[in-house]
Amino acid sequence: MSSLQDSCFFLRAISNPVRLAILRSLDNLKSAPYTKLALSIGLNPARESGNFNYHIHYLQKLGLIRLEGLNYNLTNLGRTVAAFLDSI
């Protein structure tokens, strides 16, 4: 994949309000299980699990978050993106 394609993937990742909220929430919480993370961004995990799962998997595919045990965390790349978001 080219640098331009990589850039487009990352821009798409942060252009969605749910994904942006997930990144910001994990930056603040440092680590969170599924339900706590969903609730922290204002989603009801019982009713909106499909939507939430889609965005979680998208961020995992990009290497921005990872699941460790039962908790989601930012990767090093995810922390870099979150720091960038804080700076703008």
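Modeller: A nonpolar core is a set of buried Ala, Val, Leu, Ile, Met, Phe, Trp, Tyr and Cys residues joined through side-chain atoms within 4.5 Å, where buried means under 20% relative accessible area, exposed over 50% and partly exposed in between, with a 1.4 Å probe and protein chains only. This is a predicted model, in which local features need pLDDT of at least 70 and side-chain atom pairs count only at pLDDT 80 or more, while totals for chains, interfaces and linings use all residues. Residues are numbered from 1 along each chain as its sequence is written, and side-chain values use heavy atoms, with hydrogens and water left out.

Biologist: How many residues does the largest nonpolar core have?

Modeller: Among the residues with the most contacts inside this core are Ile22, Leu23 and Leu26. Helices H1 (3-15), H2, H3 (34-40), H4 and H5 and strand E3 each supply at least two of its residues; helices (H or I, at least four residues) and strands (E, at least two) are DSSP runs, numbered from the N terminus. The largest nonpolar core has 23 residues.

Biologist: Is helix H2 roughly parallel or roughly perpendicular to helix H5?

Modeller: Axes are lines fitted to C-alpha atoms, for helices over the stretch in contact, and angles run from 0 to 180 degrees between N-to-C directions. Helix H2 (residues 17-29) packs against helix H5 (residues 76-87) at about 100°, with the axes 10 Å apart. Angles under 35 degrees count as roughly parallel, over 145 as roughly antiparallel, 65 to 115 as roughly perpendicular and the rest as oblique, and that makes H2, relative to H5, roughly perpendicular.

Biologist: Is Asp86 buried or exposed?

Modeller: Asp86 lies in helix H5, and it is one of the residues where H5 meets H2, contact meaning heavy atoms within 4.5 Å. Its relative accessible area is 52%, so Asp86 is exposed.

Biologist: Which strands stand at the edges of the sheet?

Modeller: Two strands pair if DSSP finds at least two bridges between them. The open sheet has three strands in the order E1-E3-E2, with antiparallel pairing. Each edge strand has a single partner, so one side of it is left without a neighbour in the sheet, and these strands are E1 (31-33) and E2 (65-68).

Biologist: Which residue in E3 is the bridge partner of Pro33?

Modeller: Strand E1 and strand E3 (residues 71-74) run antiparallel and are joined by three bridges. In E3, the bridge partner of Pro33 is Asn71.
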